[in-house]
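Dear colleague,

I am passing on the structure below, together with some notes on what was found in it. Please read the notes alongside the coordinates.

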Amino acid sequence: MNGSRSFNDRRVGVAALLALALVWQLMSVLFPMEIVPGVPMVPGWQVVVTRTFLSLSNFWEGGFGIPAASAGTPPSYGVAFLSLLFNSLDTFRRLALGFVIGGGIGFALGLLLSLSEWSNRFVGAPLRFIRALPLLAMIPLFQLWFGIADFGMVVFIAYGVGVIIFTSVINAVPRVPQIYRDNARTLGASKLRTFYTVTVPAILPEVRSAAVIAVGVGWAAALGAEYLGAQSGLGRIVVASEAFGYLDRMFLTAVVIIVYAAISTWLVERGFARLLRWA
Amino acid sequence: MNATVTARRTTPSSSPRPVRWRPRVDVVGLCGVVAMLGVWQAMSVHFGRVVPSPLTVANEMAKNFISAPTFRHYGIADAGYLDAILYTAGNVSMSMIAGGAAGIAFGLLTARRRLLRSALDPIFLTLGTIPIFIAAPFLLLWFGISRFSAVAIVAIYVATIVYAYSQRALYNLSPVYEQYAQTLGADDRRLFWDIMVPGTLPEILGGLRIALAGAWGLAAISELIGSQRGAGKVIQSLANSVDVKAIFCVLLLLGVVAAAIDALMALVISRVTAWNRAGGNDHE
C-alpha cells in the first residue's frame, strides 16, 4: 500500500498469509461437514493438494499423445498439471488480448478526444453514465451481442479495461497544470509536440493507478465471461465445479487466480515503474 | 481518482454561510449525452433484434415499473423494476454500512502501527482479489441463499477498498498536527475528534464513494448467482429468455440510480468537507 517496504515488513506479511492458511486448516478441522460425499464444506490443504488437484485431470481435453479425460485417461498429477496449465493459458490469452486491445483503444481514444477541451467535455458527460453501468452484470448482454466464443469474451474484457483506461485519460488530461504546457510553448514547441512531450508523460502516473485497477477488473471480467459459457479456461473449471458442489475445486482455482492476479499486477506495476523512472 | 468532484468556489469572507449548490449546466456535456442517445437510436435501426431503441426501452420501463405480470413467466415475482432496484439498493446500503465500518476501523487501526499494518495488508489484499464468481458460491453454500450472504459478499469487497483509503488517510496525515494540538494540551479524545476525524474524513469519504460505485455491480452479480429477488436476479431470468429490452431496462436503471447516488454523494462530500478546500488544503 505504500511504496517502500522493508524486508521485515515482507516477512510479517508472509507470516500473516501463512497464519491465514493455518486458520483455514483449523476451520476445516472444526467444520468437517461434507457438501457432497468426499467434499468437505471447508476443504483442508491435505485435500486440496491431493484429491482436489488430481481431479483437475477431468478438465484435460487431450493433447501431447495423452487422450482427453473423457476418453478414459486416468487422473494423475501430470495430467492434472497439464490441465491446469492449458486452462490457465486459455484464460491468459483472453485476458492479455482483451487488456491490450481495450487498454490500447481506451488510451488512444482518450488522448484523441482530449486534444481539445470541447471534445473532452463532450464525451466526459455520457462517459460518466456509461461507467456507472455495472460491468459484470452486462455479461449476458455481451454474450447476446458477440457470442460465447473467444471473440465475445475478449470484447467483454476489452470493454471493461477500456472504459477504465479511457476514463482515467479523459480525467487526467484537463488536470495537467497549464503552466507546464505554457512553458513548453514559450520555448517554441508546437501544439502537437507539447501534447506528446508534456501532456502524455504528465498523465502517465494517473494511468498507472488505473491500469493496476484494470488488471483486477480484467481478471474478474475474464472469469465472469468464462463463467457464463466457455468451453475452456479457469472460469469453466469454476462453473463446472459449482454445478456439482465441488467447493474444493473452486477453492483451489481461487488460490491459483489470486497468485496469477498478484503476478500480473506486479508485472504491470513494474512496466509502469520503468516508464515513470523520471517521476 | 476523484476527478468528478468539482470544487465549487466559495467566498472566503462568508465562512459561516453553507456552501450553496448551484447546478451548472454543461451545454457541451449535454450535447454529448444527446449524441449518445442518437448513436443508440442509430444502432437500434441497424441491429434491431439485439439493440432495442431508446423509445422501446422507455416504454418497457413505464409498463413494468411498478408491477410486471410478465415476470411470472420467468419464474420471478411480478413486482416490477422498482421492487428489483429497491431490493438491490437495500443490499448495497447494508453492505456499505457493514463493510465501510469494518474498513474504516481496521484502516485507522493499522495506519500508525507498522507491525499490524504489515500483517493485515496482505490479508485484505488477498480478500479483495478473490473473484466474486468464486466467493459468492462459497458464501451461498455456507450460509444458504439468503440476504445475509448477498450482503456479506459485497461487504467484503467494500471493506477492502475502504480499508486501503482509511489507512492511507491517517498514514498521510502529518503528525505535526497532533503534536501541535498536544502541546496546546489536547487529550486523546480531542485529538481524535478535532484532528484525526477532520484530517482523514475527505479521503475516507472518497474511498467510500469509490467502493459504492463498485458495490452496485457486485450486488447485482451476487443476486445473479443466487437470490430470489433484486436486479441481478431479474437480469439472470431475462437473459435466459433473451428479453433484450428488459435487460436494457434493468442495466440502465442500475446505471441511472448508481450515477444519481454517486452525484448525491459527491455533493454531500463537498459540503461536509467544505472547510478542506476553503483552507486551501486540497491534497487530492
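How many residues does the contact take from chain A, and how many from chain B? The contact takes 50 residues from chain A and 51 from chain B, two residues being in contact if their C-beta atoms, placed from the backbone, lie within 7 Å.

This is a predicted model, in which local features need pLDDT of at least 70 and side-chain atom pairs count only at pLDDT 80 or more, whereas totals for chains, interfaces and linings use all residues. Residues are numbered from 1 along each chain as its sequence is written, and chains are lettered from A and ligands numbered from 1 in the order in which they are written.

On the side of chain A that touches chain B, helix 4 of chain A gives the most, with ten residues; helices here are DSSP runs (H or I, at least four residues), numbered from the N terminus. The residues of that side divide into 36 nonpolar, ten polar and four charged, where Ala, Val, Leu, Ile, Met, Phe, Trp, Tyr, Cys and Pro count as nonpolar, Asp, Glu, Lys and Arg as charged, and the others, Gly among them, as polar.

Within chain A, the axes of helix 2 (residues 45-55) and helix 10 (residues 247-275) come within 9 Å and cross at roughly 100°, the axes being lines fitted to C-alpha atoms over the stretch in contact, with angles from 0 to 180 degrees between N-to-C directions. Helix 2 of chain A is therefore roughly perpendicular to helix 10 of chain A (65 to 115 degrees). Their contact has five nonpolar, two polar and two charged residues, among them F53(A) in helix 2 and R249(A) in helix 10.

Over residues 12-31 of chain A, the chain is 95% helix and 0% strand, with the end C-alpha atoms 28 Å apart.

Best regards

Key
Helix = DSSP H or I, 4+ residues; strand = E, 2+ residues; numbered from the N terminus. Parallel < 35°, antiparallel > 145°, perpendicular 65-115°, else oblique.
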